[in-house]
Amino acid sequence: MTGTTGAPDPTGHDPDRIKCVVWDLDGTLWDEIAVETLTDELPVPRPEMLAAIDALAARGVLSSLASRSAPAVLDRMDAVPGLRERFLAPQVSWQDKSESLRRIAKDLGIAVEALVLVDDSPYERAEVEALLPGVRTLDPGEVPALLAAFEDREVTPESRERVHRYRTEETRRAEGERFRGTREEFLGWCDMRLTIGPAVADEIPRALELAARTHRLNSSGLTPDRLRALAAADGHELYTARMSDRFGEYGIIGAALVDRTAPGSWSVPLLALSCRVAGRGAAAAFLFWLMERARECGAERFRVTLRPTDANLEMRILLRQAGLRRTEADGDTAADGAILARALHSGDGGGDLPKPPAWLHASTRKDADA
């Protein structure tokens with residue numbers, strides 16, 4: 001499938017912001033009311049809904065459940081081959097739908113605004129819209145329009161593997177809850193490894209996807225089209241970061257565009273990382289690797305373009321912890337953001353460069369492949 005990430009969509013849906021579709025059960029996934037069936041057998045799911053869930057999964061969109069029903073219904077789903085595994089972090093209880101969506105977002109590590117609710121009940125949709133105004137709600141009849149929004153979107157290998165990787169993340173979380181020790185000790189036990197290097201051609205679509213779909217760990221919100229143009233320009237380099245641990249591969253989780261056109265300076269118009277690695281030190285390790293690499297290449301100054309948003313507080317804190325401060329000297333201005341900068345040598349007032357977290361090994365890709 002080909003297409004341009006970030007292009008306007010005529011359906012009114014923004015595919016770059018949708019990371020998980022949350023499905024109701026009764027009247028949505030199936031016709032009947034599960035708790036009113038006379039046997040333990042569940043109602044038969046609607047084929048068109050299962051097909052929609054699978055089509056979204058093929059494009060890297062997760063699915064979950066939020067149903068106001070007896071929790072035993074979820075247990076009964078385990079007995080239906082191929083049904084329960086379609087859904088991550090499901091919530092089946094008598095709690096409000098808005099609370100279910102909050103829990104789903106927390107369990108998946110994504111913003112609640114990245115969810116879409118599909119529910120046949122106007123009341124349930126209204127409740128979510130009132131308490132979670134950033135969440136879009138749909139009647140089941142609007143699902144075809146949602147699918148149409150993804151028709152021409154480019155699908156990366158990471159997109160195709162996203163559901164599987166979130167399932168692996170559930171295993172990581174369960175192991176973390178059982179682990180006897182500190183959080184840092186658990187992260188060290190995970191044996192996390194970050195490999196970084198210049199992007200090759202088949203990695204560029206994933207870098208564009210990160211630019212469009214990341215928000216918490218995104219420095220500037222640079223559009224995919226602008227990133228593609230800058231990456232092809234003279235004096236610019238695009239770097240990607242891959243991550244793995246004892247549980248498996250995360251795939252490409254980070255992208256950074258470097259502008260080396262100014263003498264003695266490395267500028268980063270975009271630093272973007274997947275929210276799946278938030279809290280594990282990957283963003284810090286990637287940033288610190290870039291700073292060390294810049295110094296090795298003879299740069300005296302390191303700059304990052306920052307466009308503050310409601311979502312990227314985590315990135316702003318990281319940049320500050322790395323010693324980057326706002327500056328408007330020597331043309332350090334951005335049209336709709338700020339330039340944060342620091343010296344790379346202690347003699348210039350830069351001090352020692354920060355080091356990656358002790359539990360995460362960061363290396364250049366050629367070292368990893370050797």
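Predicted model: local features only at pLDDT ≥ 70, side-chain atom pairs only at ≥ 80, totals over all residues.

Student: Which way do strand 10 and strand 12 pair?

Tutor: Strand 10 (residues 301-306) and strand 12 (residues 338-343) are antiparallel, with six bridges. To get your bearings, look for Arg 301, which stands opposite Ala 343 in strand 12.

Student: And what about strand 2, which strands does it pair with?

Tutor: Strand 1 (residues 20-23) pairs with strand 2 in the parallel sense over four bridges, and Val 22 has Ser 64 as its bridge partner there. Strand 3 (residues 91-93) is also parallel to strand 2, over three bridges; in that pairing Ser 67 stands opposite Val 92.

Student: How many residues of strand 2 are buried?

Tutor: Six of the seven residues of strand 2 (residues 62-68), so the rest of the structure largely encloses this strand.

Student: Now helices. Which residues of helix 9 are buried?

Tutor: In helix 9 (residues 224-231), they are Pro 224, Leu 227 and Leu 230. Look down the axis of helix 9 and these buried residues fall within an arc of 130°, so they line one face of the helix. Their cover includes helix 8 (204-213), strand 7 (236-245), strand 8 (248-259) and strand 9 (265-273).

Student: Can we zoom in on one residue? Is Leu 56 buried or exposed?

Tutor: Leu 56 sits in helix 1 (residues 47-58). Buried means under 20% relative accessible area, so Leu 56, at 1%, counts as buried. Leaving aside residues up to four places away in sequence, Leu 56 touches Val 21, Trp 23, Val 61, Leu 146, Leu 147 and Phe 150.

Student: Where is Arg 206, and is Arg 206 buried or exposed?

Tutor: Arg 206 belongs to helix 8, and with a relative accessible area of 6% Arg 206 is buried. The Arg 206 side chain reaches the backbone oxygen of Ile 252 at 2.9 Å. Beyond residues up to four places away in sequence, the contacts of Arg 206 include Glu 158 and Arg 276.

Student: Last one: how many aromatic pairs are there, and how do I describe one?

Tutor: The structure has six. A pair of aromatic rings is described by the distance of the centres and the angle of the planes. Take Phe 179 and Trp 189: their ring centres are 5.9 Å apart and the planes are at 40°, so this pair is tilted. Phe 179 is in the loop between helix 6 (157-178) and helix 7 (183-189), while Trp 189 is in helix 7, ten residues apart.

Student: What sits over the ring of Trp 189?

Tutor: The charged end of Arg 246, 4.1 Å from the ring centre. You can find another such case at Tyr 250, where Arg 172 lies over the face, 3.9 Å from the ring centre.

Note on methods. Residues numbered from 1 in each chain as written. Heavy atoms only, no water. Buried < 20%, exposed > 50% of the residue type's maximum accessible area, 1.4 Å probe, protein only. Helix = DSSP H or I, 4+ residues; strand = E, 2+ residues; numbered from the N terminus. Arc of directions from axis to C-beta. Contact = heavy atoms within 4.5 Å. Phe/Tyr/Trp six-rings, centres within 6.5 Å; stacked < 30°, edge-to-face > 60°. Lys NZ or Arg CZ within 6 Å of the ring centre and 35° of its normal. Polar contact = N/O pair within 3.5 Å; in protein donor to acceptor, adjacent residues only side chain to side chain. Pairing = 2+ DSSP bridges.
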